[in-house]
Amino acid sequence: EEVSPYMLYVGSINSRKNLLGIVKAMELLPKDVRLPLVIVGGGGSYKQKVQQYIAEKGIEQWFEWPETVMGEELKRLYTNATLMIYPSFYEGFGLPVVEALLSGCPVVTSNVSSLPEAGGPFSLKADPNSPEDIKNQIVKALTDETWRQEAIEGGRNWAMKTFAPKTLARQLMGVYEKVRS
C-alpha cells in the first residue's frame, strides 16, 4: 500500500539525543518541504519537556508517537521513511544511523562524536547545537534528488561493507587482541 511520506527518529528520548533540536529545526522548515516526524523511543522527563514545547507551539499535527515498536515493524518504518534524523550531541556508536543506512534510508546526523563515522560519506552532517543547520540539512535531504539517490545506494553499500557482521566481528577481535596484549 502507498505510505504517506514521513521522517523518522529512532532512539531513547533524552537530552543528549537532541529531539528538541529536531523540533526547533522543523519549525524553521518551509511548509512545502515539511514532512511529519515519526518518533520511536521511550523517555521520561525530557520527553515530557519536548511534548510540552510542541503543545505550546500548537504543532502536534507534525509529530507521531507510535507505541512500542519492535522487529519487523521497526524495519518497515526504516525502509519506508523518507529521511532519518539523528542530530545527537553524543553517541558511543550510533546504531540507528547504521540501521537506517542498511535499510536504504537517507540520514541527517551530527558532525560530532562517533556520528560522522557511523553515518559515513553518504550522510548529511549538521551542528547539533544549531536548529538552523539541522533545518538546512533536512531541506537538502528532502529536495536534492541527486543527493537522495546517491545517499540511498551509496549509504547502503558503504554500511554493508563497513558494518557487515564479519567486519564488526573482525574489529571486535582486534579490540580484544589490543586489550590482551
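How many residues apart are Glu132 and Lys135 in helix α6 (residues 131-143)? Select the two and count: they are three residues apart, which separates them by about one helical turn. Before going on, note that this is a predicted model, where local features need pLDDT of at least 70 and side-chain atom pairs count only at pLDDT 80 or more, while totals for chains, interfaces and linings use all residues. Residues are numbered from 1 along each chain as its sequence is written, and side-chain values use heavy atoms, with hydrogens and water left out. Helices (H or I, at least four residues) and strands (E, at least two) are DSSP runs, numbered from the N terminus.

Stay with that pair. Glu132 forms a salt bridge with Lys135, with 3.4 Å between the closest N and O atoms; the term asks for a side-chain nitrogen of Lys or Arg within 4 Å of a carboxyl oxygen of Asp or Glu. Glu132 is partly exposed at 40% relative accessibility, whereas Lys135 is buried at 15%. Here buried means under 20% relative accessible area, exposed over 50%, and partly exposed in between (1.4 Å probe, protein chains only).

Next, pick Asp144 and Lys140, whose side chains meet in a salt bridge at 2.9 Å, N to O. Asp144 is partly exposed at 24%, and Lys140 is partly exposed at 32%.

Now jump to Glu91 and Arg16, another salt bridge, at 3.4 Å, N to O. Glu91 sits in the loop between β4 (83-86) and α4 (95-102) and Arg16 in the loop between β1 (7-10) and α1, so the pair ties together parts that are 75 residues apart in sequence. Glu91 is buried, at 6%, and Arg16 is partly exposed, at 34%.

Last stop: helix α2, residues 45-57. Its 13 residues reach 18 Å from first C-alpha to last, close to the expected 18 Å (1.5 Å times one less than the number of residues). Colour Tyr46, Lys47, Val50, Tyr53 and Ile54, which are buried. They lie on the same side of α2 because they cover an arc of only 125° around the axis, taken from the directions from the helix axis to the C-beta atoms. The buried residues of α2 pack against α1 (19-28) and β3 (63-64), contact being heavy atoms within 4.5 Å. Just after α2, stop at Gly58, with its positive phi of about 65°.
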